[in-house]
Amino acid sequence: MNDRSARPYLSVAERREVLLHAAVAVLRDGGVEALSLRTVAERAGVAHRVVSYAFGSKAELVKALLVRETSSAVDASWRAPMADLGFGASVEAALTAYASVIRGDPRLTESLAALTAFARLSPDLSGAVRSEAELARDRIDALVTDWAAAHPDAGIDVDHAVTGIHAAAEGIAAWWLATRDDDRLPDVVRTFSAGIAASAKR
């Protein structure tokens, strides 16, 4: 029996998504040191050349993985809360949702943080970190821009607000991973949110 006939055809985009799922599993189980094109191929049950064809290099795999996970976290955190609440309450709701994403899978969050730190120090991978940061900022910017357009009387400086939210999200993630302090987390989120709301006023 021809093995190829047993496998459904996948587009390049679909194949990349399957491989990124496998990359997440490798990262969660083995950490940064375990992540390679070969280990992703083994986890996905495909030939090494399939991963090489889909991504070309480890740098492109890391970039795609960081962008995918950042996109997922931002979408889960920012879309629903940025509604008809006041700006400060909207930011607080969004940062609370983001904290829930972090707390929902701390092992993956730790692994992604380690991958980001590793990539920053690598000439071949540092571009992946910039792409991730730019994506996060662009997505937050789009959501805050939509909110500001719907609430023109709020007088929000969108660029200032986006910078604050992006930095707060990074800080909350690092703080919670270091402390695992669920009791103080709401107060931390509230403090960040109040500061962002106050400083974003024109």
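Modeller: Start where helix H5 meets helix H9. Phe87, Gly88, Val91, Glu92, Leu95, Thr96, Ala99 and Arg103 are the H5 side of this contact (heavy atoms within 4.5 Å). Facing them from H9 are Leu185, Val189, Arg190, Phe192, Ser193, Ile196 and Ala197. Sorted by class, the contact of H5 with H9 has nine nonpolar, three polar and three charged residues. Here Ala, Val, Leu, Ile, Met, Phe, Trp, Tyr, Cys and Pro are nonpolar, Asp, Glu, Lys and Arg charged, and the others, including Gly, polar.

This is a predicted model: local features need pLDDT of at least 70 and side-chain atom pairs 80 or more, while totals for chains, interfaces and linings use all residues. Residues are numbered from 1 along each chain as its sequence is written, and side-chain values use heavy atoms, without hydrogens or water.

H9 covers residues 185-199. Its axis comes within 9 Å of the H5 axis, and the two cross at roughly 140°. Axes are lines fitted to C-alpha atoms over the stretch in contact, with angles from 0 to 180 degrees between N-to-C directions.

H5 itself covers residues 87-104. H5 also packs on helix H8, residues 158-179. This time the angle is about 35°, and the axes lie 10 Å apart. H5 brings Phe87, Val91, Leu95, Tyr98, Ala99, Ile102 and Arg103. H8 answers with Ala161, Ile165, Ala168, Ala169, Ile172, Ala173 and Trp176. The contact of H5 with H8 holds 13 nonpolar residues, one charged residue and no polar ones.

Now follow H8 to another neighbour. H8 packs against H7 at about 130°, with the axes 9 Å apart. From H7 come Ala133, Ala136, Arg137, Ile140, Asp141, Val144, Thr145 and Ala148. From H8 come Val158, Asp159, Ala161, Val162, Thr163, Ile165 and His166. The contact of H7 with H8 has nine nonpolar, three polar and three charged residues.

A pocket is an open set of points on a 1 Å grid where a 1.4 Å probe fits, with protein on both sides within 12 Å along at least five of seven lines; lining atoms lie within 4 Å. The space in the largest pocket is about 710 Å³, counted as that filled by probe spheres on the points. Its lining has 31 residues, and Tyr98, Thr109, Leu112, Glu132 and Glu170 are closest to its centre. H4 gives the largest share, eight residues. By class, the lining has 20 nonpolar, six polar and five charged residues.

Finally, step back to the whole chain. It has nine helices and zero strands. Helices are DSSP runs of H or I, at least four residues; strands are E, at least two. Along the principal axes, the C-alpha atoms fill a box of roughly 65 × 35 × 30 Å.
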